[in-house]
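Please keep the sequence and the model open beside this note while reading.

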Amino acid sequence: MMRIYKWTRMWILVEILSPDNGTRPSGYTSSVRYDGSLEKEAASVLVEPSKSSLSIAGGLSASKGASRSYNTELAQSQSLTSVRELDTTYGTIGVSTRGSSGGLTGLQNLGNTCFMNSAIQCLVHTPEFARYFREDYHQEINWENTLGMRGELALAFGELLRKLWAPGRTPVAPRPFKTKLARFAPQFSGYNQHDSQELLAFLLDGLHEDLNRVKQKPYIKSKDADGRPDEEVADEYWANHIARNDSIIVDVCQGQYKSTLVCPICNKVSVTFDPFMYLSLPLQSTTTRTMTVTVFTCNGSALPSAYTVTVPKQGRCRDLIQALSNASSVKHSERLLLVEIQNHMIQRFLEDPLILLSTIKDDDHLAAYKVQKSAKNTKYLQLIHRRKDQGTSDGQITSGWLPYGTPLLSSISCDDEITRGNIQNMVHTMLSPMLRTESLDHTDISGARSAIAASNPSGNLRGEACTDSAISNSMNNDITSSKPVKSLKLSLQLVDESNACIDLSVGEEKAITLPSASTSILVYADWSQKLLDKYHTHYLENLPEVFKYGPVTKKARTEPLSLYTCLEAFLREEPLVPEDMWYCPQCKERRQASKKLDLWRLPEVLVIHLKRFSYSRSMKHKLETFVNFPIHDFDLTNYIAHKSNSGHQLYELYALTNHYGSMGSGHYTAHIKLLDENRWYSFDDSHISPINEEDVKSAAAYVLFYRRVKSEDSFVSNGVLSCGGDNKVASHK
């Protein structure tokens, strides 16, 4: 028989079995198979047909088919269909209370425990975990695993999950769970605010060890690829991993990525395949940056020119050099040599193409020099400019030569004999574009005419009159000839291996000895005031900064950062940090190898951590960047290195944690979708309220939970062949 009791805030429908023999009264609906295998006969059913109290996020406790069957059975019961719906609300929970729909129970905040509550709610509403912990999972508890918590963490979590899925809306106080957590992870004891992602990482690892089906872990030595096919090596690594780690956590959350290390010295390549529980993606405020670099020519063919190019913010020097080469029209026979300038000297050569652009600061000064590509046995001639500087010391006026302007650079072949006159000619060639036209006297002009006539027998200056301007232009065009025009005598000092200065203005025919220990030849050009008046030396002054701060453009303020861009930054090749250098088995030494990650095997549930927080010794920082992450059809097909893994790799968002405010004093919440209802809810500790799907995205998103979308294609998942429509998690019992 059916009875309806009216309590203070809600209507309760109670179904009572016959007292005599426990048989069902007429009209009683058949028992519900809430997980496809386990039957429970309801002592009380408080439900409207479309909202089952036994539904779990994603409908795994009652699959879509079971839900339809259950609704049909409910429709057959005249007693149930006669019960009208009431829209009373319960307490502070901001949702419509129509019976005891499961999964909408909040967690009390025990004092700065919102970080724990948000992570727990996301795990509790992971359909595979909701089903697993509501069944009899005790047989899988590993009571002897010294790496785990002897099953206590799994039991505490399972008990909490069941409370959150039990009928009713009264918020649960997670004190027993927090006590267990603090016992095994003292860092989470007390009532200070913590990082929810750090808790999540500990919880997933702890649950795995407590539920590890492997009682005795075998020792397995990993082997390098050594040229074997990736598929063979990946399967071998995964089989070795499963031989030691086999749990519901591995079944659901663990994937595999390919890690490639390349030695920068011997080019030894090492390939391994490692498991991952979640992906921590770098989060940049913008994806690109603009960089300004001044390009100089070595052959005097053009004046120095500054170029501003756009490069990936997490790119490398090769990206910058490529962008500059395109902008400055570098010839096929030329290449750009990038350097950093400090105090009018070359501070460092940026020749390694893998140098991260993040190591170059916005207030640095960069220069790039066009040099010949073909020459092998070469050294670089560095022309350092100096001018006289007067100052006072102890009341006495002193003078000295101090570095000035931007150095110039050219390449010198070590195969030929180099004389002092050769150096003079090279310097004049580099400076010739900056020579003032009016500085050429009559003798210089005559010499220029002779040199031009010799190189142009037809006497045709392309229709130009033989003026000072034409001569200057022709000098710029033909300065690469073997006998460049020398208009003025320069004071040049060559620094030899003993650090002594050699005056290059005398003894032009004398050969010089190139330093053997250095790749550069240092020459000082001392600029007198008279010489400064003869050249446009402002081209050497005021080298621009890499980036000059100014008002942020509207595009920079509004352009969203894509989750795909964050993933690409995570997978991009980069050198290891010096503290984490790799031992090269071929060199027998530790090397700063380059590392490249590729996704190989994806899990059923993909957890993505957006790295909003950065830590240093002196400060903590949070990035408030909005990330445009897909809610539906998160397509990772093109990011999988395992090309024989057929089928689309599509994922759908079902939960996420949010962090609002600053570090240490912020607040965590969770947004979770009940998939059988196709509705999003906000879980803010004990308060639960429905939200629209468009409100799910915000700059507060922190940890994202994606579920694989089942399709008709077959694909490999966690080493098990899965087919579309099959919601069962692979088990290794």
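1. Contact is used throughout this note for heavy atoms within 4.5 Å. With that in mind, Leu-653, which is found in strand S29, is in contact with Phe-629, Pro-630, Ile-631, Trp-680, Val-696, Leu-704, Phe-705 and Tyr-706, once its neighbours within four places in sequence are left aside. Its relative accessible area is 0%, so Leu-653 is buried, where buried means under 20% relative accessible area, exposed over 50% and partly exposed in between, computed with a 1.4 Å probe and protein chains only. Leu-653 and Ile-672 are 19 residues apart in sequence, and their C-alpha atoms are 9.0 Å apart in space.

2. A word on the basis of these values: this is a predicted model, in which local features need pLDDT of at least 70 and side-chain atom pairs count only at pLDDT 80 or more, while totals for chains, interfaces and linings use all residues. Residues are numbered from 1 along each chain as its sequence is written, and side-chain values use heavy atoms, with hydrogens and water left out.

3. Taken as a whole, the chain has 16 helices and 35 strands; these are DSSP runs numbered from the N terminus, helices being H or I with at least four residues and strands being E with at least two. Of its 733 residues, 47% count as buried. Among contacts between residues at least 6 apart in sequence, 70% join residues at least 24 apart. The chain exposes about 35,700 Å², and carbon and sulfur atoms supply 49% of that area, with accessible areas taken from the Shrake-Rupley method with a 1.4 Å probe and, for residues, only the protein chains shown counting as cover.

4. At what angle do helices H3 and H5 pack? Helix H3 (residues 114–124) and helix H5 (residues 152–165) meet at about 80°, and their axes are 11 Å apart; the axes are lines fitted to C-alpha atoms, for helices over the stretch in contact, and angles run from 0 to 180 degrees between N-to-C directions. H3 is therefore roughly perpendicular to H5, given that angles of 65 to 115 degrees count as roughly perpendicular, under 35 as roughly parallel, over 145 as roughly antiparallel and the rest as oblique. On the H3 side the contact is made by Ile-120, Gln-121, Leu-123 and Val-124, and on the H5 side by Phe-157, Leu-160, Leu-161, Leu-164 and Trp-165. By class, this contact has eight nonpolar, one polar and no charged residues, with Ala, Val, Leu, Ile, Met, Phe, Trp, Tyr, Cys and Pro counted as nonpolar, Asp, Glu, Lys and Arg as charged, and the others, Gly among them, as polar.

5. Helix H4 (residues 127–134) is mostly covered, since eight of its eight residues are buried. Among them are Glu-128, Arg-131 and Arg-134, as well as Phe-129 and Tyr-132.

6. His-344, in the loop between strand S10 (334–342) and strand S11 (345–349), has a phi near 65°, a positive value in a residue other than glycine, and with a relative accessible area of 37% His-344 is partly exposed. Asp-633, in the loop between strand S27 (627–628) and strand S28 (634–635), likewise is not a glycine and has a positive phi of about 55°.

7. Thr-359 is found in the loop between S11 and strand S12 (365–372) and counts as partly exposed, at 41% relative accessibility. Not counting residues up to four places away in sequence, Thr-359 touches Arg-348 and Asp-364. A polar atom of the Thr-359 side chain lies 2.6 Å from the backbone oxygen of Leu-356.

8. Is Lys-588 buried or exposed? At 57% relative accessibility Lys-588 counts as exposed, and this residue lies in the loop between strand S21 (582–584) and strand S22 (589–591). The Lys-588 side chain reaches the backbone oxygen of Pro-585 at 3.2 Å.

9. His-642, in the loop between S28 and strand S29 (650–660), counts as buried at 11% relative accessibility. Leaving aside neighbours within four places in sequence, His-642 is in contact with Glu-231, Leu-599 and Trp-600.

Conventions. Polar contact = N/O pair within 3.5 Å; in protein donor to acceptor, adjacent residues only side chain to side chain.
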